[in-house]
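Have the sequence and the model open side by side.

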Amino acid sequence: MRQRVITAVVALIIFIPIIWIGGLVLQLSAAVLAVVGVYELFRMKGLTIASLEGVLASLGAIILVLPVNDLLPFLPDKTDSFLLYYLIVLIILGICVFSKNTYSIDEAGFPVIVSLYVGVGFQNFVNARMAGFEVLLFALFVVWATDIGAYMVGRKYGQRKLWPEVSPNKTIEGALGGIISAVVVAAIYLFIYPKADFFSYSAVVMVLLTIVFSIVGQFGDLVESSIKRHYGVKDSGTILPGHGGILDRFDSLLFVFPVMHILGVF
């Protein structure tokens, strides 16, 4: 427990200034986190990131996270991140040809899914900050409140298993506690920062959407638990002592931020 607390405090001391500064500092930090996420998924599967497909998956994630048109001004205006990312996909598929079919399309699917999952998640993390520090903070508070509420309520009142085949420790009571916790925190946040200044929806709609975001975040956590169970690992990595890996801490965010973007929160 002490190690978890120390790691959390150190991480916040580093993390908060980065999201406050925003801009290129945040973008580069998100790109680094994306590459670490790719590394952790490759490691779980027993693959090395120091391979052609590992390098391409990392590059694909970086392309999705960084504003390539700003960083590479020589590119045509119509060339966006997703087109460049698709070029990476084509190269990965091309390995099937150059390997003389020893590398199949099934194998090519793994680095593509990995880079897309991690890259789009952190891309929208950056997009949320570009919409405003208050918008990003709202999203983080919703996810953090969900995690803390689910843990505390589940630990004290949890009886009925939520999805034991995927995550034996999660309970229905904990999931509901996470949703209620997120709604309470969101309501307080929207009272402090009136919606008209930062969001295109009314405070009531934002609170209702918070229920959706809390559920999506918990589902993202379950997805990562499913991946880890499939590969037989306890944590996605060891970069955060007492907390596991980057994906262990960002699994909910990688689902919540894209959904927030889709629903027009930022």
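A salt bridge here is a side-chain nitrogen of Lys or Arg within 4 Å of a carboxyl oxygen of Asp or Glu. The model is predicted: local features need pLDDT of at least 70, side-chain atom pairs count only at pLDDT 80 or more, and totals for chains, interfaces and linings use all residues. Residues are numbered from 1 along each chain as its sequence is written, and side-chain values use heavy atoms, with hydrogens and water left out.

**Salt bridges**

- The whole structure holds five salt bridges.
- One of them pairs K228 with E224, with the closest N and O atoms 3.8 Å apart.
- Both residues sit in helix α9, four residues apart, about one turn of the helix. Helices (H or I, at least four residues) and strands (E, at least two) are DSSP runs, numbered from the N terminus.
- An α-helix has 3.6 residues a turn, so residues three or four places apart point the same way.
- K228 and E224 are both buried. Buried means under 20% relative accessible area, exposed means over 50%, and partly exposed lies in between (1.4 Å probe, protein chains only).
- K228 also forms a salt bridge with D248, the closest N and O atoms being 2.8 Å apart.
- That pair links distant parts of the chain: K228 is in α9 and D248 is in helix α10 (residues 246-262), 20 residues apart.
- K228 counts as buried because its relative accessible area is 11%. D248 counts as buried because its value is 6%.
- Shared partners join E224, K228 and D248 into one network of salt bridges.
- D221 forms a salt bridge with K170, and their closest N and O atoms are 2.8 Å apart.
- D221 belongs to helix α9 and K170 to strand β2, so this pair ties together parts 51 residues apart in sequence.
- D221 is buried, at a relative accessible area of 16%. K170 is partly exposed, at 27%.

**Helix α8 and its partners**

- Helix α8 (residues 172-192) has 21 residues. From its first C-alpha to its last it reaches 31 Å, close to the 30 Å expected at 1.5 Å a residue. The expected span is 1.5 Å times one less than the number of residues.
- Buried residues of α8 include G174, G178, A182, A186 and L190.
- The buried residues of α8 pack against α7 (133-157), β1 (161-163), β2 (167-171) and α9 (203-231). Contact means heavy atoms within 4.5 Å.
- α7 and α8 pack at an angle of about 145°, with their axes 6 Å apart. Axes are lines fitted to C-alpha atoms, for helices over the stretch in contact, and angles run from 0 to 180 degrees between N-to-C directions.
- The residues making this contact include F138, A145, T146 and G149 of α7 and G177, G178, S181 and A182 of α8.
- The axes of α8 and α9 come within 9 Å and cross at roughly 145°.
- Among the residues making that contact are I179, A182 and A186 of α8 and V207, I211 and S214 of α9.

**Helix α9**

- α9 has 29 residues. The helix reaches 42 Å from first to last C-alpha, close to the 42 Å expected at 1.5 Å a residue.
- G232 follows α9 and has a positive phi, near 70°.

**Buried residues to look at**

- T146 is in helix α7. T146 counts as buried because its relative accessibility is 3%.
- Leaving aside neighbours within four places in sequence, T146 contacts G178, A182, S214 and Q218.
- L136 also lies in helix α7. L136 counts as buried because its relative accessibility is 0%.
- L136 is in contact with I19, F125, A128, R129 and F257, leaving aside its neighbours within four places in sequence.
- The C-alpha atoms of L136 and F257 are separated by 9.1 Å, although these residues are 121 residues apart along the chain.
- E53 is found in helix α3 (residues 52-65).
- E53 is buried yet has no salt bridge. The nearest side chain of opposite charge, K45, is 8.1 Å away. Lys and Arg count as positive and Asp and Glu as negative; His and the chain ends are not counted.
- E53 touches F42, L47, Y103, E107 and P111, not counting residues up to four places away in sequence.
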